[in-house]
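Here is a short report on one protein model.

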Amino acid sequence: MQQLHTPHVVVVMGVAGTGKTTIGPLLAARLGVPYAEGDDFHPPANITKMTAGTPLTDEDRWPWLDAIGGWAHERAGLGGVVSSSALKRSYRDRLRAAAPGVVFVHLTGSRELIEDRMSHRQGHFMPTALLDSQFATLQPLEADEAGVAVDVAGTPEEITERAVDALKGLPEPGR
């Protein structure tokens, strides 16, 4: 499998259970850039809330998004992949404000498929009970947002290959 190199900073986004933490590192490896796990940018209070089944508020998310945006800004022109749910347009706008060249890979799939995958994963703080709130919050990418939607049906390798192929169609940063 050929490794591609990209100066893009890619945010792998989607509701919980779409595979951001699985696809992100695979995509980073294929693109030849570093990967950062978005969950690692959460302050401890956010993890406590989510573990308890309490959805985060926008106020909870701003410091988290700012931290991810800071990482993306530092990687501008170098490339990188970071995971973040980035469910709302306002969240993606905040990431773009910090790192204007970011592009998004929106992992999409049916609620049934995603719930099934969530029910089989171990050691993750996000309970399946929060999936409805995630789908209710989701605002898919709009036409003026740099990014692609990628279906999460299939193996992680198949999903990653679809993401790589879709990213090839985006203009290089700064063009």
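The model holds 14 salt bridges, where a salt bridge is a side-chain nitrogen of Lys or Arg within 4 Å of a carboxyl oxygen of Asp or Glu. This is a predicted model: local features need pLDDT of at least 70, side-chain atom pairs count only at pLDDT 80 or more, and totals for chains, interfaces and linings use all residues. Residues are numbered from 1 along each chain as its sequence is written, and side-chain values use heavy atoms, with hydrogens and water left out.

| Pair | Closest N to O |
|---|---|
| Aspartate 165 and lysine 168 | 3.6 Å |

Aspartate 60 sits in helix 3 and lysine 49 in helix 2 (residues 44-51), so their bridge ties together parts 11 residues apart in sequence. Helices (H or I, at least four residues) and strands (E, at least two) are DSSP runs, numbered from the N terminus. Aspartate 60 is buried at 17% relative accessibility. Lysine 49 is partly exposed at 26%. Buried means under 20% relative accessible area, exposed over 50%, and partly exposed in between (1.4 Å probe, protein chains only).

Glutamate 145 lies in the loop between helix 6 (131-137) and strand 5, arginine 92 lies in helix 4, and the two are 53 residues apart. Glutamate 145 is buried at 5%, and arginine 92 is buried at 0%. Both belong to a network of salt bridges that also links Arg89, Asp93, Arg96, Glu142 and Asp144.

Aspartate 165 and lysine 168 are both in helix 7 (residues 156-168), about one turn apart. Aspartate 165 is partly exposed at 43%, while lysine 168 is exposed at 54%.

5 strands form an open sheet in the order 2-3-1-4-5, with parallel pairing. Two strands pair if DSSP finds at least two bridges between them. Strand 2 (35-36) and strand 5 (147-151) are the edges, each pairing on one side only. Strand 2 pairs with strand 3 (residues 80-83) over 2 bridges. Tyrosine 35 stands opposite valine 81 in strand 3.

How do helix 3 and helix 4 (residues 89-98) cross? Their axes, lines fitted to C-alpha atoms over the stretch in contact (heavy atoms within 4.5 Å), come within 8 Å and cross at roughly 35 degrees, on a scale from 0 to 180 degrees between N-to-C directions.
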